[in-house]
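Work through the exercises below with the sequence and the model side by side, and try each task before reading its solution.

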Amino acid sequence: MREKGFRKCIVCGSDYVYCPRCGKGNKEETWRYLYDTDLCNKIFDVLSSFTFNHIKKEEAREKLEALNIPKGMKFNAEIKKQIDSIMAKEPKVKNEPKIVNEDD
Ligand SMILES: [Zn+2]
């Protein structure tokens, strides 16, 4: 059986323990309900602001850069996709050639 309060961070996918009832982890830090670290919390904040069009891509990028996300930090696939799309410094939308598998 899994330990009570066992969670997976929705940003980086790390396993951690937090129980809002007994405060395992830290009761004061309610963001621990969803994220293992404050950094993940802040990253998610930026991503959701951007997703809901509260901030522009440039602003989201600035905010992410200001967080000094360590290189090599792990993210869950969906989050990684969002971060990559924000951090991609392309002034225009590129028409990337589609890779087609032609077996026949
Ligand atoms: Zn995390």
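The structure is a predicted model, in which local features need pLDDT of at least 70, side-chain atom pairs count only at pLDDT 80 or more, and totals for chains, interfaces and linings use all residues. Residues are numbered from 1 along each chain as its sequence is written.

**Exercise 1.** Determine how many helices and strands the protein chain has, and in which pattern they follow.

Solution. Helices are DSSP runs of H or I with at least four residues, strands are runs of E with at least two, and both are numbered from the N terminus. On that basis there are 3 helices and 2 strands, and reading along the sequence gives β-β-α-α-α.

**Exercise 2.** Which residues of helix α3 are buried, and how are they placed around its axis?

Solution. A residue is buried if 20 or more other C-beta atoms, placed from the backbone, lie within 10 Å of its own, exposed if 12 or fewer do, and partly exposed in between. In α3, which spans residues 77-87, the buried residues are Q82, I83 and I86. Viewed down the axis of α3, these fall within an arc of 95° (taken from the directions from the helix axis to the C-beta atoms), so they line one face of the helix. The face turned away from that buried side carries the exposed residues A77, K81, D84 and S85. The cover over the buried residues of α3 includes α1 (38-51) and α2.

**Exercise 3.** Describe how α1 and α2 are oriented and what kinds of residue make their contact.

Solution. The axes, lines fitted to C-alpha atoms over the stretch in contact, with angles from 0 to 180 degrees between N-to-C directions, come within 10 Å and cross at roughly 180°. That makes α1 roughly antiparallel to α2, a label used for angles over 145 degrees. The contact (C-beta atoms within 7 Å) is made by I43, V46, S49 and F50 of α1 and by K57, A60, K63 and L64 of α2. These residues divide into 5 nonpolar, 1 polar and 2 charged.

Methods: Contact = placed C-beta atoms within 7 Å. Parallel < 35°, antiparallel > 145°, perpendicular 65-115°, else oblique. Nonpolar A, V, L, I, M, F, W, Y, C, P; charged D, E, K, R; others polar.
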